[in-house]
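Here's a quick walk through a few local features of this model. Have the viewer open as you read.

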Amino acid sequence: MKKAMVVIIASIIFLFIPLNVAALSSKQQEKQEKIINEIMSLINVDMSDIEKVVILHDWLTKNVRYDHATFFSLFDPEYAEKENPLSYTPYGAFVNKLAVCDGYTKAYQVLLNRAGIENKYISGYAWGMRYRHSWNMVKLSGKWYHIDVTWDSGKYNIDNDYGYFLLADDLFSHTDHYWESEVKTAKKSFFGQLAPDKDNIYLGISSQLKMLDDKIFFFSGCFDTPYSMITLYDIKTKKLHTISKKADHIDSNDKYICFYDVDRKKFISFNIEKMKSTVISKLSTEGAGDLDKLVLAGDTLFYKKLDNTSFTYNLVDGQTNTYEYVNIAYTSSNGKYLILGQWGWDHTDTYIYYSLNTENGKLTEIFTERSNTHIKGAYSYKNKTYMNTYYDIYCFDEDTNAAIKLKRPPEIVEKRYANGQADIQNSEYISKIFVVEENSKTYLYYRIGVEDFKIKIK
């Protein structure tokens, strides 16, 4: 097997990816083929190419973890023995659910080939020409676009998104990607076709996508402004429509897209089924100047102001309820509950967490936590919502409307200052959690530093 080499030239690190990986055994090939067939069963001949491209992209970004240990093994002696050659291959992505960029790219290429979608493997550089990198190009309606599945992956990035999805050359070159190719893309990114020419290269980063029935909603983030453009792509007519050119404070579910329209200076609720925009008068009166957080759950909007006052607003009947000192809000997996964290009402250093049933308005206390280690992130999986502080993980069960604290991971090293505040610099703490299904089992992964550890949950 050819080992990875690191060559340092003028302080620039070039990583030469191992090219020779031992051939798969017949048993390994069988495992890989089984999973590929399962993935391909998610699409059918009646689907458009854009639907297939989205679905296959999403399987990889939602199921494959980035192999940080193999990446660091290329230049950090501490990880030298942790290199996994299979992470450069489709097998690593499909079977081990673990890959570096080459594994992601080649796996996506396998799926695109099976789906009959014209595509290309692109080898280039990233991060200021310091590292070798690879990604895909796909051809839709006769035009080429870039897709970086690795950087879109929620297991690599902070959140799963579509910031590197169907981009044109101009925009992609602004995302720290460098390459040489005779193939030129469309002039504009796929979802940026309705953007003004002067703004087009800025649309696409930190983007989100929602595909429902025969419609795709795309929320395009921007480089130079805090605003997003909300675009609707009609799969049947193959036409794009603009919902908002400048949107802020966006949240959505399968029923609504709620946002603040900067040009109109109004909060808008877009009903997906009815394809209708409605001004939310109550929120528009409040304005967006002191808005800190907007969270949507079912038919209920949670609106938090900078002064720590907040309220919920029902999009159907307009009913509101006011709360104080609620600083944290998450939506449960099925959207039935809002999980709210309230701090300071009793003048103690404690967060009290509640579940708010958005159907009947009932508030239920589910657990307490010290404020300096409050909930940092949440991940929903089926009927459960997993939440992590720096040092602990909680599981909220939507069927029982109750939460439990999981056994603290042994890799955690908790350090605190004399005043009780968390000493993050000297702690080994949880920076991210996510769920992955592997070999008919389900695992909750938690990231500490650059390494991922797992707990079996099913």
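## Ground rules

Helices (H or I, at least four residues) and strands (E, at least two) are DSSP runs, numbered from the N terminus. Two strands count as paired if DSSP finds at least two bridges between them.

This is a predicted model, where local features need pLDDT of at least 70 and side-chain atom pairs count only at pLDDT 80 or more, while totals for chains, interfaces and linings use all residues. Residues are numbered from 1 along each chain as its sequence is written, and side-chain values use heavy atoms, with hydrogens and water left out.

In the hairpin of strand 19 and strand 20, 5 residues sit between the strands, and Gly318 takes a positive phi near 75°. Strand 19 (residues 309-314) and strand 20 (residues 320-324) are antiparallel and share 5 bridges. Thr312 stands opposite Asn321 in strand 20.

Zoom out and you get an open sheet of 4 strands in the order 17-18-19-20, paired antiparallel. Strand 17 (291-297) and strand 20 are the edge strands, each pairing on one side only. Neighbouring strands here are turned by 15° against each other on average, direction ignored; angles run from 0 to 180 degrees between N-to-C directions, and axes are lines fitted to C-alpha atoms, for helices over the stretch in contact. Strand 18 (residues 300-305) joins antiparallel strand 19 through 5 bridges, and Thr300 stands opposite Asn314 in strand 19.

Strand 27 (residues 393-397) runs antiparallel to strand 28, with 4 bridges joining them. Look for Phe396, whose bridge partner in strand 28 is Ala403.

## Helix 2 against helix 5

Over to the helices: the axes of helix 2 (residues 49-63) and helix 5 (residues 101-115) come within 10 Å and cross at roughly 145°. The crossing is right-handed, meaning the near helix is turned clockwise from the far one by less than a right angle.

Helix 2 brings Lys52, Val53, Leu56, His57 and Leu60 to the contact, and helix 5 brings Tyr104, Ala107, Tyr108, Leu111, Leu112 and Ala115 (contact being heavy atoms within 4.5 Å). By class, that's 9 nonpolar, 1 polar and 1 charged residues; Ala, Val, Leu, Ile, Met, Phe, Trp, Tyr, Cys and Pro count as nonpolar, Asp, Glu, Lys and Arg as charged, and the others, Gly among them, as polar.

## The second largest pocket

Helix 1 (26-40), helix 2 and strand 29 (430-438) are the elements giving two or more residues, and helix 1 has the largest share, 6 residues. By class, the lining of this pocket has 4 nonpolar, 3 polar and 7 charged residues.
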